[in-house]
Amino acid sequence: RDFCLSRGLGDVYKRQLVAGVVLTLGMGGNVQANEDPVKVGFFLPYSGTFGHLGQGIDNGIRLAFEQAGNKLGGRDIEIVTVPSGANPSNAVSNMQKLISGENVDFVLGPVHSGVAMGALKVARQEGTILVIPNAGLNVATRQLCAPNIFRTSFSNWQPDFSMARPAYESGVREVVTISWRYAAGEEHLGGFEEEFERLGGKVVKRILIPFPSVDFQVPLTDIASIDPDAVYAFFGGGGAVKFLKDYAAAGLNENVQLLSTGFLTDSIAGLGDIANGVRTTLHWNPALDNEYNRAFIQAYKERFNEEASIYSVQGYDAGQLLVKAMAEVDGNTTDQEALVEAMGKVTFDDSPRGPWKFSKAHNPIQNMYLQEVQNGQNVVIGVAAEALEDPATGCAMAQ
Ligand code: PHB
């Protein structure tokens, strides 16, 4: 019964989108269905390069649910997990397991931008609500934006665009850029490169290595021989830590300024001083001085016995999104139009990253902080971009 109901409404919703017909669905709906547990699908990686990221997001979502008494709009919550891995070619079938197989009300995921492409395709076809708690794939809130697609993290453009001006203004003129050859790697570098060159800087070489290789020896030798003013890198998860270690082992940390997004320096605890001087941009820092950040960091530590990360913040806000929007619609998931409208209007005044809200394209409008590693700690040294909104190029909802 449950299955038919939400499939049916998914179709209605799609027709609304296509024809622009506004249907008013009766509030009564299937009352029984709105008393069943809300099914939330987790579509995250739990192993491999991004395993730590997926676990952080999972923890963050659970913390938000637990703080809300494990209820969404008065209904119990049933979590269904399908590990996403980091292989884009499995994304469509794994998403189908959650949507057709488990008939979830929401999918929360993924982490990897290539996997996000498959997830977007299925979410757009089926009309299921997708909340992206990490993957920054630009098109998710640009050309492929849709009413049922939300992101609580960032677009790949946001942090990297923000790093270009501070880099240029600090006197950097020639950079080598380096990342993995996959959607996120190329988009992160692109966000920096475009703005840096617009300001007058020059990208003397772009190096892309296969995902998720951590064999940095050859590129680092290449960088040493070019000897640029700075290196601009995008790596995340296990690859980030390995890159920092190899960069230092090659002696480059003493000689060539390393710039990146805060994903590179998310896990520097335990690395000692080797990342000192690395400058990054990110939408959260553990030292942000607001009461919600302090409370979140403490609650996270008590619950999971580890430090919060950017990924756990993004997961926490994804959980908060469901908690707040479901309260607004009294737990009614059958009227999807009302539900997605409530979701779009949620404001995150109590987010650990500071207040933010959704753009019309459903991507966060948020501050990008400039950080520098000092004595093994990421210190906020400024705001690189205030209330930064992705351009949402090609998103019909944003026009
Ligand atoms: C992505 O694939 O979009 C991605 C992965 C890891 C990060 C950030 C972005 O740390």
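1. Strands S9 (residues 230-234) and S10 run parallel and are joined by four bridges; strands here are DSSP runs of E of at least two residues, helices are runs of H or I of at least four residues, and both are numbered from the N terminus. Two strands count as paired if DSSP finds at least two bridges between them. Across this pair, Ala233 has Ser260 of S10 as its bridge partner.

2. The model is predicted: local features need pLDDT of at least 70, side-chain atom pairs count only at pLDDT 80 or more, and totals for chains, interfaces and linings use all residues. Residues are numbered from 1 along each chain as its sequence is written, and side-chain values use heavy atoms, with hydrogens and water left out.

3. Together with helix H8 (residues 237-249), S9 and S10 make a right-handed β-α-β unit (right-handed: with the strands pointing away from the viewer, the path from the first strand over the helix to the second runs clockwise).

4. S10 also pairs in the parallel sense with strand S11 (residues 279-282), over three bridges. Here Ser260 is partnered by Thr280 of S11. Of the five residues of S10 (257-261), four are buried (under 20% relative accessible area, with exposed over 50% and partly exposed in between; 1.4 Å probe, protein chains only).

5. One disulfide is counted, under the criterion of a pair of cysteine sulfur atoms within 2.5 Å. Cys145 and Cys395 form this bond, with their sulfur atoms 2.2 Å apart. Because the torsion about their S-S bond is about 90°, the disulfide is right-handed. Cys145 lies in the loop between strands S5 (129-132) and S6 (149-151) and Cys395 in the segment after strand S15 (377-388), so the pair ties together parts 250 residues apart in sequence. Both Cys145 and Cys395 are buried.
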